[in-house]
Amino acid sequence: MTERNDTTPFGGLSIDFGGDTSVAAPASSAPIGSVPIAFGQDAATATGGPATAVASGGSTETKLLIVGSGPAGLTAAIYAARANLEPIVLAGSAPGGQLMLTSDVENYPGFPDGIQGPDLMTAFRSQAERFGTRIVDVDVDRVDLSERPFRLWARGVEYRAQAVVVATGASAMWLGLESETRLRGRGVSACATCDGFFFRDREIAVVGGGDTAFEEATYLTRFAKKIHLLHRRDEFRASRIMVERARANPKIEIHTNTGIDEVLGDAKVEGLALRDTATGEARTMPIEGLFIAIGHKPNTEAFRDWLEVDAKGYLVVNDETHSKIDGVFIAGDVHDHRYRQAVTAAGDGCKAAIDAERWLEAQGLTEANTLTAW
Ligand SMILES: Cc1cc2nc3c(=O)[nH]c(=O)nc-3n(C[C@H](O)[C@H](O)[C@H](O)COP(=O)(O)OP(=O)(O)OC[C@H]3O[C@@H](n4cnc5c(N)ncnc54)[C@H](O)[C@@H]3O)c2cc1C
């Protein structure tokens with residue numbers, strides 16, 4: 001376990017997110033870890049291995065197209081490339097996915113001293129490229145999954161694929177304050193499972209009024225000495241049992257009608273500027289960490305008309321990674337609102353690639369290589 005500087009949660013690392021990352025769109029020149037990745041490529045200038053796909057008249061054809069370049073998409077790419085499927089990854093406007101928004105990752109197996117999120121994702125990407133994956137940093141904006149080859153469009157280029165893995169993830173919702181963005185990774189987090197450990201014996205706050213907020217507050221009592229649960233209304237969306245459990249916990253203090261005007265602190269979180277939403281009265285609260293638990297938005301816009309979504313808007317999987325359309329597979333946080341971890345997303349990506357390979361093989365479109373590729 002890494003020794004951390006006690007005064008700087010997340011190791012005091014600073015990541016320049018280049019503005020509002022709630023929409024997860026790093027500036028086009030933003031470095032990813034230590035390796036700068038050029039954004040805004042088109043198919044002709046994609047990074048990665050040999051140009052295996054055929055580009056003709058503004059369209060590109062491949063056996064397997066992977067949409068998304070977080071842990072799920074890039075793990076699918078590693079497996080698919082090693083199985084000779086010559087995948088193309090359409091990485092989206094947030095190459096590397098959610099882990100680009102964090103600093104220390106201490107729970108990804110294989111890194112006993114932890115690793116920075118952007119460095120981990122750079123390694124994923126290099127590994128996928130090493131086996132010949134082509135990666136294009138564009139968002140898919142339209143799809144037609146009515147027949148094969150499936151057709152997907154990104155920045156005016158049409159991609160045709162016999163099989164597709166959708167790994168577009170989910171975006172944590174943020175309050176939208178400048179101070180919140182600036183202090184992300186310096187005491188502001190959107191993931192209690194990931195970052196709770198950094199707040200041992202600290203006084204912290206959780207914002208939100210749904211089950212997630214109450215679940216996270218209760219989970220964080222394992223680490224923090226005191227948790228203020230802040231909610232801008234006077235009633236909760238959370239289930240009564242979750243609320244009662246939190247009320248009964250001596251470490252949790254619930255503040256209703258409480259909005260956040262600013263997160264205070266220059267280099268790290270030092271407090272909150274709060275406002276009573278009923279009376280307008282302002283006050284400050286000294287705390288060292290803020291967990292935003294106001295929900296996640298699955299990135300499903302382009303696929304929603306074709307694939308099944310659940311009540312929360314997440315894609316629905318059948319039999320592990322299969323969607324309702326043969327040849328379209330789903331992996332990672334875009335369907336998983338239960339675990340939401342890099343390692344589970346990566347595991348899903350592996351499963352989706354193997355399922356896609358077996359499916360392509362069953363269609364006579366490729367030979368199954370997985371057993372020999374391991
Ligand atoms: C602040 C924070 C800290 C975290 N810390 C940890 C941690 O310490 N340990 C841990 O295990 N987990 C952590 N997580 C959770 C982890 O990051 C996610 O579970 C994981 O990244 C999910 O991987 P994914 O590949 O499913 O999706 P994502 O990482 O969300 O990646 C989605 C990808 O899809 C792309 N995309 C979206 N829409 C489109 C489109 N239309 N076209 C093309 N591409 C598209 C995006 O550009 C992105 O590349 C953290 C999350 C956050 C927000």
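Helix α1 and helix α2 (residues 117-130) pack at an angle of about 25°, and their axes lie 8 Å apart. Helices here are DSSP runs of H or I with at least four residues, numbered from the N terminus; axes are lines fitted to C-alpha atoms over the stretch in contact, with angles running from 0 to 180 degrees between N-to-C directions. The model is a predicted one, in which local features need pLDDT of at least 70 and side-chain atom pairs count only at pLDDT 80 or more, while totals for chains, interfaces and linings use all residues. Residues are numbered from 1 along each chain as its sequence is written.

Because angles under 35 degrees count as roughly parallel, over 145 as roughly antiparallel, 65 to 115 as roughly perpendicular and the rest as oblique, α1 and α2 are roughly parallel to each other. Their crossing is left-handed, a term for a near helix turned anticlockwise from the far one by less than a right angle, whereas clockwise gives a right-handed crossing. Pro71, Leu74, Ala77, Ile78 and Ala81 of α1 meet Phe124, Arg125, Gln127 and Ala128 of α2, where contact requires C-beta atoms, placed from the backbone, within 7 Å.

Helix α1 (residues 71-82) also packs on helix α7 (residues 342-362); the two axes come within 7 Å and cross at roughly 40°. That angle makes α1 oblique to α7, and this crossing is right-handed. Among the α1 residues that take part are Gly73, Ala76 and Ala80, and the α7 residues they join in the contact include Ala353, Ala356 and Glu357.

Ala76, Ala80 and Ala356 also belong to the largest nonpolar core, which has 64 residues; they are among the members that touch the most others. Such a core is a set of buried Ala, Val, Leu, Ile, Met, Phe, Trp, Tyr and Cys residues joined through C-beta atoms within 7 Å. The largest share of this core, 9 residues, comes from α7. Leaving aside residues up to four places away in sequence, Ala356 touches Leu64, Ala80, Ala163, Val165 and Phe329. A second, separate core of 33 residues includes Leu183, Phe198, Ala217 and Ala224.

Glu357 also lies in α7. Glu357 counts as buried because it has 26 C-beta neighbours inside 10 Å; a residue is buried with 20 or more other C-beta atoms within 10 Å of its own, exposed with 12 or fewer, and partly exposed in between. The C-alpha atoms of Glu357 and Glu367, 10 residues apart along the chain, are separated by 8.1 Å.

Definitions and conventions:
Helices (H or I, at least four residues) and strands (E, at least two) are DSSP runs, numbered from the N terminus. Two residues are in contact if their C-beta atoms, placed from the backbone, lie within 7 Å.
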